[in-house]
Amino acid sequence: MSVKATMLSSIACIVLAVPAAAQAQQADGPASVPAADQATDSIVVTGVRASIQSAVNAKRNADQVADIVAAEDLGKLPDANVAENLQRVPGVQIERNFGEGAQVTVRGLSNVRVELNGRSNLGISVGATGSDPSGRSTGLEQQSSTLFSRLSVYKSPTADQIEGGLGGFISMTTPRPFDFKKPTVSYLAEYTNTNLARNRNGYNLALFGTTRLFDDRLGVAVNVAYSDREIGSSQFIRGVWNPGTTAGMKTDFNGDGQLDYTPQIARSEFYNIKRKRFGAGGTLQFQATDNLMFYADALYTHLETQRHIEYLAIQTTDTGTTASTLTNGVMEGNYVVAGTLTNQRVRVGGVERNEPTSSLVAGGGAVWKVGRLNLKADFGKSVGDYTYRQDFLELASRGLTINYDYRTGNVPNITLPAGFDLTSRASFPTRSNSAANDTVVHTLETAYRLDGSYDLDWGMFKSLQFGGRYADLTSDYRDYQAKLGATNPNIATLPDAYFVLSNNPGYPGASGNFPSLFLVPDVYAGGTGEDSLLLGNYRPTRPRPTTSYYIGEKTKAIYGRANLDGELFGMGFRGNIGLRAVWTDFAVDTTADVGGGVMVPRHDTSHYSNLLPSANIKFSLARDLVLRLAASKVMSRAKLQDLAPRLAVNGPLGTASGGNSDLHPTRADQLDAALEYYIPGGGIASATAFYKNITDQVARTTIVEVIPGFESYGPLQRSLPINLGVAKVKGIELNYQQAFTFLPGLLSGFGTQINATFIDTSSSDNQPVLGLSKTTYNGILYYERGAFTARVAYNWRSKSALGFTTTPATGQLRPNWYSSDDQVDLSLGLKLTKYATLSAGVTNLLYKKSGRTNYNQVIDAVNGYEISDRQFRIGIRGRF
């Protein structure tokens with residue numbers, strides 16, 4: 001039986017007992033539900049039954065569609081990673097980098113705004129196939145969940161909320177001192193162990209403290225977190241299927257008159273990643289008078305990502321005397337999934353890459369209440385910094401006869417000639433590629449915001465909200481290349497210390513035999529400085545103006561919102577209607593190479609405005625039955641680096657990317673309808689339907705070509721962003737949550753959280769919406785009785801499109817797909833004393849079965865396969 005079937009069947013067995021037990025409880029009369037006033041749809045993770053009921057009550061009284069993951073104590077969010085906590089929410093899906101939750105989509109859309117304490121979080125994503133330092137991604141790798149008391153996902157906007165989220169927006173909240181009645185200290189210490197990394201041992205540390213001073217008028221809270229661990233990840237990566245580019249690769253084995261799609265790149269990369277996270281934050285709240293409060297808060301986070309990469313690649317796009325020939329082709333559709341390559345070189349390489357990232361979100365303001373008028377003024381700065389250094393060396397064999405077969409499953413079978421030794425230096429006599437690159441990015445947003453509300457007594461109109469926001473964002477991206485006059489190293493004269501054997505776990509549990517043991521150039525054998533025998537050829541680096549840019553973006557917004565409360569046709573209702581107006585001024589400076597080494601400055605601008613109406617209303621159909629309706633217009637701006645019309649080349653990765661200053665913002669009209677039944681005793685069963693009509697979705701398309709000025713790298717995978725046509729997204733979210741306290745004896749400790757999301761899409765150009773899985777399941781079964789708690793969580797998502805490959809001759813866009821994937825996590829807790837709880841957990845428990853494949857059109861046209869490690873945690877946490 002599959003993991004998914006086992007997990008869901010186990011939960012279902014307990015759920016089947018609910019109706020009879022619930023009916024028995026209702027015979028004694030339904031439990032009363034106290035009022036709440038906070039807009040939440042909460043997944044409560046404190047393990048306290050009262051908190052579960054409080055969360056359900058809060059949802060019942062909410063005025064908009066929102067999901068919240070909340071923690072009562074430090075380290076009690078169920079997952080150590082912010083993104084992985086969010087994936088338990090209905091409609092939320094995540095993308096992982098090196099097995100860690102990183103980027104988030106809401107209802108299948110990656111256009112998600114992320115805020116920290118109400119200010120922009122300049123997310124930076126550090127991934128395997130390329131990082132996004134633009135400051136407008138949902139990269140959450142820097143953020144340890146121990147820094148936050150609440151993670152919120154808003155799906156239907158209100159006019160006072162900042163624009164930018166197409167699928168929704170995420171709000172991360174740090175603990176506030178006025179939320180605590182007494183001085184409090186919380187702590188967490190964990191040992192971690194990962195099974196695929198070279199050094200398996202790591203640790204997590206966190207500390208939080210808060211107190212009040214001066215007759216409770218001043219509140220102070222501080223929060224610190226640090227983690228150190230290594231990650232192992234094996235990836236078959238960067239595959240591209242297209243018609244051959246040379247005479248020997250242009251084939252038509254099935255005789256249909258069309259050139260076959262052949263594998264242009266087959267490459268294994270084995271990562272050993274050292275990751276260190278540090279976060280520190282603080283909050284001050286000062287109640288100056290009964291009507292005036294001042295506040296200030298800041299959170300600094302830093303993520304160090306050092307990756308050692310070993311790779312082996314077969315690239316069929318070589319030209320001239322090194323061009324390959326393909327024979328004995330085996331077809332699946334129009335794809336040559338097996339065949340024989342002659343005059344084919346094998347490449348091996350070593351890459352050292354260091355990417356420290358940091359962010360600072362800080363600000364302050366005041367809240368003033370006078371009579372019916374409430375005012376809040378806020379000033380904030382958001383800073384994102386990204387630094388990148390990469391050094392690499394690649395070697396190549398002579399032309400060989402190689403058989404390949406992609407029909408074997410996760411990775412292809414590769415058969416090399418008898419006697420050819422992948423571990424011998426003599427097998428790789430030539431240098432095929434080497435370079436040094438640096439990048440420095442600094443992104444800054446300064447924002448001023450004023451919000452007000454005025455209490456009314458005009459029938460159903462209870463209050464008016466109004467306000468405005470001004471933000472000035474700049475992003476300075478500087479790229480550097482090898483020094484002028486750089487010379488290539490003479491491979492024959494390099495000492496043997498520069499050549500070592502690969503040290504990686506291969507592909508545990510995968511089918512296929514793509515080689516994992518081979519010779520690897522050790523880039524840093526001679527040291528990491530400019531005096532290194534190898535690096536002295538390239539460093540110090542020099543500016544590369546054609547890949548650099550400077551962006552300036554100014555936004556102005558004003559809004560008005562009316563809050564309603566009344567009765568209609570005998571049904572009570574609450575809601576809000578509003579309008580937000582936004583003006584955007586954008587400019588980008590780049591440098592174009594017009595040939596002959598002549599550089600010409602380029603200045604591009606755009607100006608646009610948006611009117612964003614929104615309405616949310618909730619009807620009480622019966623005592624335990626609520627209907628919610630919402631309608632809104634939303635917009636999302638393109639990522640910053642997608643808007644810069646420059647060319648960025650990464651030689652060792654075989655990739656190139658550029659931007660497009662003519663990209664339009666993506667817009668959508670959306671509708672929501674939710675029916676919620678509140679089960680007596682603190683449970684909920686709900687269904688939410690949604691619809692989005694999207695225009696100008698941004699997607700990247702990839703083509704393999706030789707780029708002028710970068711001929712030494714050979715053909716590169718070049719990606720460019722484009723606006724697609726109109727797409728429609730519709731779906732339904734099902735959610736069930738209940739603590740089974742009505743069951744007898746030991747069974748009363750069980751509880752569950754189950755949700756499923758089903759999405760359907762269509763588009764004017766018949767292309768899929770990127771990142772969208774049509775089906776997602778989440779199942780959590782937990783147990784709490786006395787001092788013992790246990791939790792098993794399962795997540796499954798169906799296939800999703802990650803990008804497109806362009807057929808050169810026709811311009812046809814062919815989607816690349818991620819296959820379905822799942823993950824199982826487990827956690828245990830035992831309360832030792834009032835101040836200490838022993839905890840243990842496993843992330844990615846069945847790691848061998850959680851590998852993910854991506855492919856082009858047909859399942860055997862594999863572009864990539866990734867498997868990441870399993871992590872064990874054991875530690876102690878407490879509060880006093």
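Reader: What are the ground rules here?
Author: It is a predicted model, where local features need pLDDT of at least 70, side-chain atom pairs count only at pLDDT 80 or more, and totals for chains, interfaces and linings use all residues. Residues are numbered from 1 along each chain as its sequence is written, and side-chain values use heavy atoms, with hydrogens and water left out.

Reader: How many salt bridges does a search of the whole structure find?
Author: The search finds 44. A salt bridge here is a side-chain nitrogen of Lys or Arg within 4 Å of a carboxyl oxygen of Asp or Glu.

Reader: Which residue does Arg119 meet in a salt bridge?
Author: Asp378, at 2.9 Å, N to O. Arg119 lies in strand E6 and Asp378 in strand E20, so the pair ties together parts 259 residues apart in sequence. Strands are DSSP runs of at least two residues, numbered from the N terminus.

Reader: Are Arg119 and Asp378 buried or exposed?
Author: Both are buried. That means under 20% relative accessible area; exposed is over 50%, partly exposed in between (1.4 Å probe, protein chains only).

Reader: And what about Arg539?
Author: Arg539 pairs with Asp438, closest N and O atoms 2.8 Å apart. Arg539 sits in the loop between strands E26 and E27, Asp438 in strand E23. Both Arg539 and Asp438 are buried.

Reader: How far apart are the closest N and O atoms of Lys633 and Asp669?
Author: 2.5 Å. Lys633 is partly exposed at 32%, and Asp669 is partly exposed at 33%.

Reader: Which residues do shared partners join into one network?
Author: Asp67, Arg107, Lys155, Asp672 and Glu733.

Methods
Helix = DSSP H or I, 4+ residues; strand = E, 2+ residues; numbered from the N terminus.
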